[in-house]
Amino acid sequence: MLPFAIVALILILARSATELWLSRLNKHHVRAHTNDVPPAFRGIIDEATYRRSVDYTLAKSHFADIATVFDAIVLIVVLFSGVLPWAFGRLSANFGTSVWAMAAFLVVTGIAFGILGLPFAWYGQFKLEDRFGFNTTTTKTWVLDRVKGFLLAVILGYPLLALVLKVIEWTGANWWLCAAAVVVVFQLLLLLIAPAVIMPLFNKFMQLPEGTLRERLFALAQRTDFPTRSIDVMDGSKRSHHSNAFFTGFGRFRKIVLFDTLIAQLTEPELESVLAHEIGHYKKRHIQKLLGVSMTGVVVAFAAIAWLARQQWVYHAFDFEHQPSFAAANVVPAMLLFALLAGTISFWFSPLVHLWSRHFEYEADAFARATMGEARSLIRALQKLTEKNLSNLTPHPLYSSFYYSHPTLLERKRALRISA
């Protein structure tokens with residue numbers, strides 16, 4: 001095995017071992033608080049619900065451990081068995097090396113990985129979530145969701161990949177900048193059309209009915225100078241009892257979306273505070289900042305792919321043939337290897353990414369408190385959502401830093417009370 005292949009193997013094993021260790025650390029920390037509701041949460045959550053939240057956390061952790069091991073085994077087998085260069089060679093021999101054939105190879109490979117994960121997705125939905133009373137998805141809906149997802153991957157992903165590969169052949173040495181620009185433009189277009197075209201393929205959206213809640217929320221949007229034409233209710237209960245709220249789209253396509261489950265769980269002042277939090281993300285320009293980071297990530301990714309595509313030793317490490325050219329057939333293996341191995345690197349930066357994300361959440365919470373003139377409504381909303389979703393109330397701090405993009409309930413309450 002060549003040195004780069006050994007490094008890749010070590011990175012995969014190191015990530016998987018760290019994930020399993022963090023999971024064990026968190027489970028031990030959760031079990032240490034099993035017997036009694038922690039003092040900070042007494043009067044907020046009853047003992048029976050707290051025990052169910054512990055059981056839910058542990059069950060999800062056990063399931064995630066199995067998935068982690070499975071994913072690592074699949075990745076190692078795929079990378080080191082020679083199946084990828086064999087499949088690439090067979091496709092090239094039968095269909096040629098045009099951009100359409102190369103794009104098809106990438107799409108089919110991605111779908112194959114998606115199919116391998118279907119048993120875990122099914123178990124998580126119909127066994128784990130059902131066991132704790134969250135699942136409301138029918139088998140028909142679940143299957144249709146997957147079929148639609150795969151079709152969208154083909155309809156949107158295939159032409160995009162073909163265009164990127166064609167750009168590579170057109171632009172020569174600086175192809176990675178042009179390819180990154182194409183992908184960034186595609187992402188922006190997708191953000192623009194998704195609320196009107198893609199999201200309705202999966203869920204129904206209805207305007208919030210006339211009444212005091214609608215008046216309250218539109219008054220909030222006007223008071224905070226948040227431009228919106230619509231406040232929609234999404235049928236989240238079609239799939240789960242979990243709840244959420246968000247806004248999506250740009251310009252005339254922007255809309256506020258509330259899950260029907262959220263409306264059923266919260267009072268009007270609490271819903272207003274949740275929406276104020278979401279508006280806080282907009283007013284603090286968090287979306288623009290995240291988009292900027294995403295665009296930068298696309299450029300860095302293509303720069304890394306361009307570098308890999310020039311390294312003969314990288315190709316030989318995984319039994320691919322290497323041709324020093326800008327042909328699609330030479331760049332595609334580098335794109336595939338980057339896609340498979342990027343997660344082993346990015347995992348180690350998770351605490352930094354989540355630290356930044358949690359800073360955004362604190363800012364949005366503070367905006368909501370200032371807009372509402374009080375913190376009580378948002379705190380009550382967070383407490384109810386934590387209880388209804390059986391969230392982990394006692395995560396280990398190190399585990400939280402790797403996996404939690406939002407602060408814990410206790411951290412958010414503390415910050416809200418300090419800001420008040």
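**One arginine and its surroundings**

Author: In this predicted model, the protein chain has 17 helices and four strands. Its radius of gyration is 24 Å, close to the 22 Å that the globule rule gives for 420 residues, so the chain is as compact as a globular protein of that length. Along the principal axes, the C-alpha atoms fill a box of roughly 65 × 50 × 40 Å.

Of the 420 residues, 47% count as buried. Among contacts with a separation of 6 or more, 76% are between residues 24 or more positions apart. The accessible surface of the chain is about 21000 Å², and carbon and sulfur atoms account for 64% of that surface. As for charge, the chain has 40 positive and 29 negative charges, and their mean positions are 2 Å apart.

Now to the residue. R239 sits in the loop that runs between β2 (231-234) and β3 (245-248). Is R239 buried or exposed? Its relative accessibility is 16%, and buried means under 20%, so R239 counts as buried.

What does R239 touch, leaving aside residues up to four places away in sequence? The list is Q125, F134, N135, T136, T137, T141, D145, F202 and N203. For one of these, F202, there is also a distance to give: a polar atom of the R239 side chain lies 2.5 Å from the backbone oxygen of F202. To put the pieces together, R239 is a loop residue that counts as buried, with F202 and N203 among its contacts.

Terms used:
Residues numbered from 1 in each chain as written. Predicted model: local features only at pLDDT ≥ 70, side-chain atom pairs only at ≥ 80, totals over all residues. Heavy atoms only, no water. Helix = DSSP H or I, 4+ residues; strand = E, 2+ residues; numbered from the N terminus. Buried < 20%, exposed > 50% of the residue type's maximum accessible area, 1.4 Å probe, protein only. Polar contact = N/O pair within 3.5 Å; in protein donor to acceptor, adjacent residues only side chain to side chain. Contact = heavy atoms within 4.5 Å. Rg over C-alpha atoms; globule rule 2.2 N^0.38 Å. Areas by Shrake-Rupley, 256 points an atom, 1.4 Å probe, with all protein chains shown as cover. Lys, Arg positive; Asp, Glu negative; His and termini not counted. Charge placed at Lys NZ, Arg CZ, Asp CG, Glu CD.
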